[in-house]
Amino acid sequence: MKNYNEKEIIALLQEPEHQRKAFECIVNEYSEQLYWQIRRMVLSHDDANDILQNTFIKAWLNIEYFRGDAQMSTWLYRIALNECLTFLNKQRTSNQLSIDDSDAEMVTKLEGDPYFDGDEIQKTFLKAIQSLPEKQRMVFNLKYFKEMKYEDISQILGTSIGALKASYHHAVKKIEAFFKEEDLNL
Amino acid sequence: MKEENKILSKVGTKNPFKVPDGYFTDFTQELMSKLPEKEMQFATQEVTLWQRVKPWIYMTAMFCGIMLSVRIFVGNPKSMESAQLVEMENMSDEDWENLSTPSLIDDYSLYQFLTDAEEYDD
(Lines give C-alpha, C1' and ligand atoms only; values in the text may rest on other atoms or scores of the structure.)
Protein backbone atom coordinates (compact mmCIF):
# COMPACT_ATOMS: atom_id res chain seq x y z
CA MET A 1 0.00 0.00 0.00
CA LYS A 2 2.08 2.92 -1.28
CA ASN A 3 -0.45 5.73 -0.95
CA TYR A 4 -1.53 6.15 2.63
CA ASN A 5 -5.31 6.49 2.86
CA GLU A 6 -6.30 6.95 6.48
CA LYS A 7 -9.94 5.95 6.02
CA GLU A 8 -8.98 2.70 4.31
CA ILE A 9 -6.33 1.95 6.92
CA ILE A 10 -8.73 2.56 9.81
CA ALA A 11 -11.29 0.28 8.15
CA LEU A 12 -8.65 -2.45 7.77
CA LEU A 13 -7.70 -2.09 11.43
CA GLN A 14 -11.17 -3.36 12.36
CA GLU A 15 -10.53 -6.64 10.52
CA PRO A 16 -8.32 -8.99 12.59
CA GLU A 17 -6.77 -10.61 9.50
CA HIS A 18 -5.67 -7.23 8.06
CA GLN A 19 -4.96 -5.43 11.32
CA ARG A 20 -1.22 -6.11 11.34
CA LYS A 21 -0.69 -4.99 7.76
CA ALA A 22 -2.72 -1.83 8.36
CA PHE A 23 -0.69 -1.06 11.45
CA GLU A 24 2.52 -1.48 9.47
CA CYS A 25 1.29 1.23 7.10
CA ILE A 26 0.63 3.49 10.09
CA VAL A 27 4.14 2.91 11.47
CA ASN A 28 5.57 3.62 8.05
CA GLU A 29 3.58 6.83 7.73
CA TYR A 30 4.11 8.33 11.16
CA SER A 31 7.41 7.00 12.53
CA GLU A 32 9.61 9.76 11.12
CA GLN A 33 7.52 12.76 12.14
CA LEU A 34 6.91 11.29 15.61
CA TYR A 35 10.60 10.53 15.98
CA TRP A 36 11.62 14.16 15.44
CA GLN A 37 9.09 15.45 17.96
CA ILE A 38 10.32 12.90 20.51
CA ARG A 39 13.97 13.63 19.72
CA ARG A 40 13.48 17.35 20.31
CA MET A 41 12.08 16.51 23.75
CA VAL A 42 14.69 13.98 24.90
CA LEU A 43 17.64 14.97 22.63
CA SER A 44 19.37 11.56 22.62
CA HIS A 45 18.83 9.22 19.66
CA ASP A 46 18.77 6.06 21.79
CA ASP A 47 16.14 7.47 24.13
CA ALA A 48 14.08 8.77 21.22
CA ASN A 49 14.25 5.34 19.57
CA ASP A 50 13.07 3.59 22.76
CA ILE A 51 10.21 6.04 23.23
CA LEU A 52 9.16 5.75 19.60
CA GLN A 53 9.04 1.95 19.87
CA ASN A 54 7.07 2.16 23.12
CA THR A 55 4.66 4.58 21.47
CA PHE A 56 3.86 2.18 18.63
CA ILE A 57 3.69 -0.87 20.91
CA LYS A 58 1.21 0.97 23.16
CA ALA A 59 -0.78 2.06 20.13
CA TRP A 60 -0.85 -1.53 18.85
CA LEU A 61 -1.97 -2.96 22.19
CA ASN A 62 -4.73 -0.37 22.46
CA ILE A 63 -5.74 -0.14 18.81
CA GLU A 64 -9.25 -1.42 19.66
CA TYR A 65 -9.82 1.79 21.63
CA PHE A 66 -9.12 3.92 18.56
CA ARG A 67 -12.57 4.44 17.06
CA GLY A 68 -11.64 6.87 14.33
CA ASP A 69 -13.31 9.84 16.04
CA ALA A 70 -9.95 11.59 16.19
CA GLN A 71 -7.22 11.58 13.55
CA MET A 72 -4.66 8.79 13.82
CA SER A 73 -1.88 11.40 13.99
CA THR A 74 -3.52 13.15 16.96
CA TRP A 75 -3.85 9.85 18.80
CA LEU A 76 -0.24 8.85 18.11
CA TYR A 77 1.18 12.27 19.01
CA ARG A 78 -0.73 12.13 22.28
CA ILE A 79 0.72 8.72 23.14
CA ALA A 80 4.22 9.80 22.07
CA LEU A 81 4.23 13.01 24.07
CA ASN A 82 2.85 11.24 27.14
CA GLU A 83 5.64 8.70 26.78
CA CYS A 84 8.13 11.58 26.63
CA LEU A 85 6.77 13.08 29.84
CA THR A 86 6.89 9.69 31.59
CA PHE A 87 10.46 9.17 30.40
CA LEU A 88 11.61 12.62 31.53
CA ASN A 89 9.97 12.20 34.95
CA LYS A 90 11.55 8.76 35.40
CA GLN A 91 14.94 10.05 34.35
CA ARG A 92 14.70 12.92 36.79
CA THR A 93 13.61 10.64 39.63
CA SER A 94 16.33 8.06 38.99
CA ASN A 95 19.04 10.74 38.83
CA GLN A 96 17.49 12.66 41.74
CA LEU A 97 17.81 15.89 39.79
CA SER A 98 15.65 18.99 39.62
CA ILE A 99 13.96 19.87 36.32
CA ASP A 100 16.61 22.52 35.51
CA ASP A 101 19.58 20.25 36.36
CA SER A 102 18.17 17.40 34.32
CA ASP A 103 17.59 19.55 31.23
CA ALA A 104 21.02 21.17 31.55
CA GLU A 105 22.59 17.72 31.78
CA MET A 106 20.78 16.58 28.66
CA VAL A 107 22.11 19.52 26.66
CA THR A 108 25.65 18.94 27.99
CA LYS A 109 25.43 15.34 26.78
CA LEU A 110 24.97 16.65 23.23
CA GLU A 111 28.64 17.70 23.17
CA GLY A 112 29.73 14.14 22.66
CA ASP A 113 26.68 12.89 20.79
CA PRO A 114 27.68 11.51 17.37
CA TYR A 115 24.15 12.15 16.13
CA PHE A 116 24.26 15.88 16.77
CA ASP A 117 25.98 18.26 14.39
CA GLY A 118 24.55 21.63 15.35
CA ASP A 119 26.67 24.79 15.56
CA GLU A 120 26.99 27.02 18.63
CA ILE A 121 23.89 29.06 17.91
CA GLN A 122 21.83 25.91 17.50
CA LYS A 123 23.22 24.58 20.76
CA THR A 124 22.20 27.82 22.49
CA PHE A 125 18.79 27.56 20.85
CA LEU A 126 18.40 24.01 22.20
CA LYS A 127 19.45 25.15 25.67
CA ALA A 128 16.85 27.90 25.49
CA ILE A 129 14.17 25.41 24.44
CA GLN A 130 15.24 22.99 27.19
CA SER A 131 14.85 25.79 29.74
CA LEU A 132 11.11 25.92 29.00
CA PRO A 133 8.64 23.92 31.12
CA GLU A 134 7.97 20.54 29.47
CA LYS A 135 4.45 21.27 28.22
CA GLN A 136 5.47 24.70 26.93
CA ARG A 137 8.38 23.03 25.17
CA MET A 138 5.95 20.66 23.47
CA VAL A 139 3.79 23.56 22.30
CA PHE A 140 6.83 25.44 21.03
CA ASN A 141 8.26 22.42 19.17
CA LEU A 142 4.94 21.55 17.51
CA LYS A 143 4.28 25.13 16.44
CA TYR A 144 7.76 26.32 15.54
CA PHE A 145 9.25 23.25 13.84
CA LYS A 146 6.17 21.43 12.62
CA GLU A 147 4.05 24.54 12.00
CA MET A 148 1.11 22.65 13.40
CA LYS A 149 -2.21 24.49 13.71
CA TYR A 150 -3.33 25.49 17.19
CA GLU A 151 -6.53 23.46 16.64
CA ASP A 152 -4.49 20.28 16.14
CA ILE A 153 -2.16 21.02 19.07
CA SER A 154 -5.25 21.62 21.17
CA GLN A 155 -6.54 18.14 20.34
CA ILE A 156 -3.20 16.52 21.10
CA LEU A 157 -2.54 18.25 24.39
CA GLY A 158 -6.15 18.75 25.49
CA THR A 159 -5.54 22.46 26.09
CA SER A 160 -7.63 25.38 24.85
CA ILE A 161 -6.44 27.31 21.81
CA GLY A 162 -6.25 30.53 23.83
CA ALA A 163 -4.01 28.89 26.43
CA LEU A 164 -1.81 27.46 23.67
CA LYS A 165 -1.39 30.85 21.99
CA ALA A 166 -0.43 32.39 25.32
CA SER A 167 1.96 29.51 26.04
CA TYR A 168 3.67 29.87 22.64
CA HIS A 169 3.94 33.63 23.04
CA HIS A 170 5.59 33.21 26.46
CA ALA A 171 7.92 30.54 25.08
CA VAL A 172 9.13 32.83 22.31
CA LYS A 173 9.67 35.68 24.80
CA LYS A 174 11.66 33.38 27.11
CA ILE A 175 13.84 32.16 24.26
CA GLU A 176 14.54 35.74 23.21
CA ALA A 177 15.44 36.59 26.80
CA PHE A 178 17.71 33.52 26.98
CA PHE A 179 19.61 34.68 23.92
CA LYS A 180 20.01 38.12 25.47
CA GLU A 181 21.41 36.57 28.65
CA GLU A 182 23.91 34.62 26.56
CA ASP A 183 24.90 37.90 24.84
CA LEU A 184 23.53 36.67 21.57
CA ASN A 185 21.07 39.28 20.43
CA LEU A 186 18.50 38.07 17.94
CA MET B 1 5.00 37.77 15.97
CA LYS B 2 8.09 39.98 15.94
CA GLU B 3 10.16 37.79 18.29
CA GLU B 4 9.28 34.62 16.39
CA ASN B 5 10.51 36.17 13.15
CA LYS B 6 13.74 37.17 14.88
CA ILE B 7 14.33 33.57 16.00
CA LEU B 8 13.45 32.26 12.55
CA SER B 9 15.86 34.61 10.83
CA LYS B 10 18.68 34.01 13.32
CA VAL B 11 18.39 30.26 13.94
CA GLY B 12 15.87 29.01 11.40
CA THR B 13 14.37 25.55 11.59
CA LYS B 14 17.36 23.53 10.45
CA ASN B 15 17.49 20.17 12.17
CA PRO B 16 20.79 19.74 14.06
CA PHE B 17 20.07 16.08 14.85
CA LYS B 18 21.08 13.05 12.83
CA VAL B 19 20.03 9.41 12.87
CA PRO B 20 22.05 6.27 12.04
CA ASP B 21 22.07 5.37 8.34
CA GLY B 22 18.93 3.61 7.21
CA TYR B 23 17.27 4.13 10.57
CA PHE B 24 13.84 5.08 9.22
CA THR B 25 13.99 2.46 6.47
CA ASP B 26 14.65 -0.32 8.96
CA PHE B 27 12.52 0.99 11.79
CA THR B 28 9.18 -0.34 10.55
CA GLN B 29 10.43 -3.89 10.02
CA GLU B 30 12.27 -3.89 13.32
CA LEU B 31 9.20 -2.67 15.18
CA MET B 32 6.82 -5.06 13.42
CA SER B 33 9.01 -7.98 14.49
CA LYS B 34 8.62 -6.89 18.11
CA LEU B 35 4.84 -6.53 18.07
CA PRO B 36 2.96 -9.26 19.93
CA GLU B 37 0.62 -11.45 17.86
CA LYS B 38 -2.94 -10.26 18.41
CA GLU B 39 -4.68 -12.77 16.13
CA MET B 40 -3.46 -15.60 18.38
CA GLN B 41 -5.06 -13.92 21.35
CA PHE B 42 -8.40 -13.86 19.53
CA ALA B 43 -8.10 -17.51 18.50
CA THR B 44 -7.19 -18.87 21.92
CA GLN B 45 -10.01 -17.09 23.72
CA GLU B 46 -12.27 -19.96 24.79
CA VAL B 47 -15.74 -19.48 26.19
CA THR B 48 -16.03 -21.39 29.47
CA LEU B 49 -19.15 -23.27 30.58
CA TRP B 50 -19.73 -20.70 33.31
CA GLN B 51 -19.55 -17.83 30.77
CA ARG B 52 -22.08 -19.67 28.62
CA VAL B 53 -24.64 -20.37 31.36
CA LYS B 54 -24.06 -17.14 33.29
CA PRO B 55 -26.77 -15.08 31.51
CA TRP B 56 -29.35 -17.85 32.00
CA ILE B 57 -28.52 -18.21 35.69
CA TYR B 58 -28.73 -14.46 36.17
CA MET B 59 -32.05 -14.35 34.34
CA THR B 60 -33.47 -17.19 36.46
CA ALA B 61 -32.28 -15.55 39.67
CA MET B 62 -33.86 -12.27 38.59
CA PHE B 63 -37.16 -13.99 37.78
CA CYS B 64 -37.17 -15.78 41.18
CA GLY B 65 -36.45 -12.47 42.87
CA ILE B 66 -39.37 -10.80 41.13
CA MET B 67 -41.69 -13.69 42.05
CA LEU B 68 -40.58 -13.53 45.67
CA SER B 69 -41.14 -9.77 45.78
CA VAL B 70 -44.63 -10.18 44.33
CA ARG B 71 -45.49 -12.81 46.97
CA ILE B 72 -44.17 -10.62 49.76
CA PHE B 73 -45.78 -7.34 48.73
CA VAL B 74 -49.01 -8.52 47.07
CA GLY B 75 -49.61 -11.55 49.31
CA ASN B 76 -50.33 -15.25 48.78
CA PRO B 77 -53.28 -15.74 46.36
CA LYS B 78 -54.18 -19.07 48.08
CA SER B 79 -54.49 -17.46 51.51
CA MET B 80 -56.76 -14.83 49.98
CA GLU B 81 -58.96 -17.57 48.57
CA SER B 82 -59.24 -19.31 51.97
CA ALA B 83 -60.18 -16.01 53.65
CA GLN B 84 -62.92 -15.53 51.09
CA LEU B 85 -64.20 -19.10 51.78
CA VAL B 86 -64.44 -18.38 55.53
CA GLU B 87 -66.40 -15.22 54.76
CA MET B 88 -68.76 -17.15 52.42
CA GLU B 89 -69.43 -19.78 55.09
CA ASN B 90 -70.63 -17.07 57.46
CA MET B 91 -73.11 -15.66 54.97
CA SER B 92 -76.84 -16.00 55.68
CA ASP B 93 -79.40 -17.42 53.19
CA GLU B 94 -80.73 -13.93 52.58
CA ASP B 95 -77.25 -12.70 51.64
CA TRP B 96 -76.94 -15.63 49.25
CA GLU B 97 -80.25 -14.74 47.64
CA ASN B 98 -79.26 -11.11 47.18
CA LEU B 99 -75.89 -12.09 45.86
CA SER B 100 -77.14 -14.74 43.45
CA THR B 101 -80.20 -12.88 42.08
CA PRO B 102 -78.34 -10.64 39.60
CA SER B 103 -76.49 -13.62 38.19
CA LEU B 104 -79.81 -15.32 37.41
CA ILE B 105 -80.99 -12.44 35.26
CA ASP B 106 -79.86 -13.04 31.71
CA ASP B 107 -79.61 -10.33 29.03
CA TYR B 108 -83.13 -11.01 27.69
CA SER B 109 -84.75 -10.74 31.16
CA LEU B 110 -82.83 -7.55 31.88
CA TYR B 111 -83.98 -6.03 28.59
CA GLN B 112 -87.59 -7.06 29.37
CA PHE B 113 -87.32 -5.59 32.86
CA LEU B 114 -86.08 -2.29 31.48
CA THR B 115 -88.86 -2.19 28.83
CA ASP B 116 -91.46 -2.79 31.52
CA ALA B 117 -89.98 -0.05 33.65
CA GLU B 118 -90.16 2.41 30.72
CA GLU B 119 -93.82 1.48 30.08
CA TYR B 120 -94.56 1.97 33.76
CA ASP B 121 -92.94 5.47 33.63
CA ASP B 122 -95.13 6.43 30.68
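Reader: Which residues does Lys123(A) touch, leaving out those up to four places away in sequence?
Author: In this predicted model, Lys123(A) touches Glu111(A) and Phe116(A), where contact means heavy atoms within 4.5 Å.

Reader: Is Lys123(A) buried or exposed?
Author: Lys123(A) is buried, at a relative accessible area of 12%. Buried stands for under 20% relative accessible area, exposed for over 50%, and partly exposed for what lies in between, with a 1.4 Å probe and protein chains only.

Reader: Where is Lys123(A) found?
Author: Lys123(A) belongs to helix 6 of chain A, residues 120-130. Helices (H or I, at least four residues) and strands (E, at least two) are DSSP runs, numbered from the N terminus.

Reader: What are the conventions of the model?
Author: Residues are numbered from 1 along each chain as its sequence is written, and chains are lettered from A and ligands numbered from 1 in the order in which they are written. Because the model is predicted, local features need pLDDT of at least 70 and side-chain atom pairs count only at pLDDT 80 or more, while totals for chains, interfaces and linings use all residues; side-chain values use heavy atoms, with hydrogens and water left out.

Reader: How many residues has the largest nonpolar core?
Author: That core has 69 residues, and Phe23(A) and Phe56(A) are among those with the most contacts inside it. A nonpolar core is a set of buried Ala, Val, Leu, Ile, Met, Phe, Trp, Tyr and Cys residues joined through side-chain atoms within 4.5 Å. Helix 2 of chain A, residues 19-42, gives the most to this core, with twelve residues.

Reader: Why does the core lie between domain 1 and domain 2 of chain A?
Author: Domain 1 (1-112) and domain 2 (118-186) both give residues to the core, so it lies between them. The domain bounds come from an automatic or database domain assignment.

Reader: Which residues of chain B does Phe23(A) touch?
Author: Phe23(A) touches Leu31(B), Met32(B) and Leu35(B), and its contacts in chain A include Phe56(A) and Trp60(A).

Reader: Which residues of helix 3 of chain A are buried?
Author: Phe56(A) and Trp60(A) are among the buried residues of helix 3, as are His45(A) and Asp47(A).

Reader: Where is Leu43(A), and what is its phi?
Author: Leu43(A) is in the loop between helix 2 and helix 3 of chain A. Its phi is positive, about 70°, although Leu43(A) is not a glycine. Leu43(A) is buried, with a relative accessible area of 1%.
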